[in-house]
Amino acid sequence: MAIYTNTLSPGTIQAHYQAGTNASPSPTYKQLVLQSNPILYYRLDEPTPAAPPPITSDPVANNYGGLGASDNGYYVPGCFPGTVPGPQLPGMPSSIACRFIPAYGGYVQVPEDANNSLDLHGPMTVTAWIQANLNDTRFQSFLGRGDSSYRMDVDGSGSIHWALPVGEPVGNNVRDAKWHFIAGTWDGETMSIYI
């Protein structure tokens, strides 16, 4: 990438193109670009990075449900588990929560398993505790396996969406800085949201 303070002539642009597509040009592409006095010139020729570390090198998000450790997840970068207080309710044990920073890609990744045990397609109930950010008006999924399976979201106005390929009912606004327990059910015919 090169940025110039002046417009290059069509002939100069043609010469740059020919040097950049020729296996052994003389002068070289780099020499031609530098002769045109760019104020910025980035070759973007860094070596290819090594493969990223496997997902299993991220901190474990334990699955305490019926499928057990075989469906543990992993906190990917952008997750900060245990850094914010969770719901503080009578009878609920001391609770800490995970802060997710979507701008950094924060979510819990559950690797695919041989049985696709989390890709539910029959009657189901899914639940989550959430606390929506008062100032964040993006549409955000907080639970799910995608549009072809199931998902729960908070839309830009703060309303809850419970979505399956068969429908997408919308619930009340939860963007009030309070903790909410959300349940989505589908009995094979009717979808319901409970907040």
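How many bridges join S9 to strand S10? Select residues 151–154 for strand S10; 4 bridges join S9 to this strand, and the two run antiparallel.

Before going on, note that this is a predicted model: local features need pLDDT of at least 70, side-chain atom pairs count only at pLDDT 80 or more, and totals for chains, interfaces and linings use all residues. Residues are numbered from 1 along each chain as its sequence is written, and side-chain values use heavy atoms, with hydrogens and water left out.

**Stop 1: the sheet**

Show the strands. Here, strands are DSSP runs (E, at least two residues), numbered from the N terminus. Two of them count as paired if DSSP finds at least two bridges between them. The order is S9-S10-S11-S12, an open sheet of 4 strands with antiparallel pairing. Color 140–144 and 170–173: these are the edge strands S9 and S12, each pairing on one side only. On average, neighbouring strands in this sheet are turned by 20 degrees against each other, direction ignored. Such angles run from 0 to 180 degrees between N-to-C directions, with axes being lines fitted to C-alpha atoms.

Now pick Leu143. Its bridge partner in S10 is Met152.

**Stop 2: Asp136 and Arg138**

A salt bridge here is a side-chain nitrogen of Lys or Arg within 4 Å of a carboxyl oxygen of Asp or Glu. By this rule there are 4 salt bridges. Select Asp136 and Arg138: their side chains meet in one of them, at 2.6 Å, N to O.

Buried means under 20% relative accessible area, exposed over 50%, and partly exposed in between (1.4 Å probe, protein chains only). Asp136 has 13% relative accessibility, so Asp136 counts as buried. Arg138 is partly exposed, because its relative accessible area is 37%.

**Stop 3: Arg151**

Select Arg151 and Asp153. They form a salt bridge, with the closest N and O atoms 2.2 Å apart. Arg151 counts as buried at 14% relative accessibility. Asp153 is buried as well, at 0%.

Glu168 is partly exposed, with a relative accessible area of 36%.

**Last stop: the network**

Asp147, Arg151, Asp153 and Glu168 are linked in a network of salt bridges.
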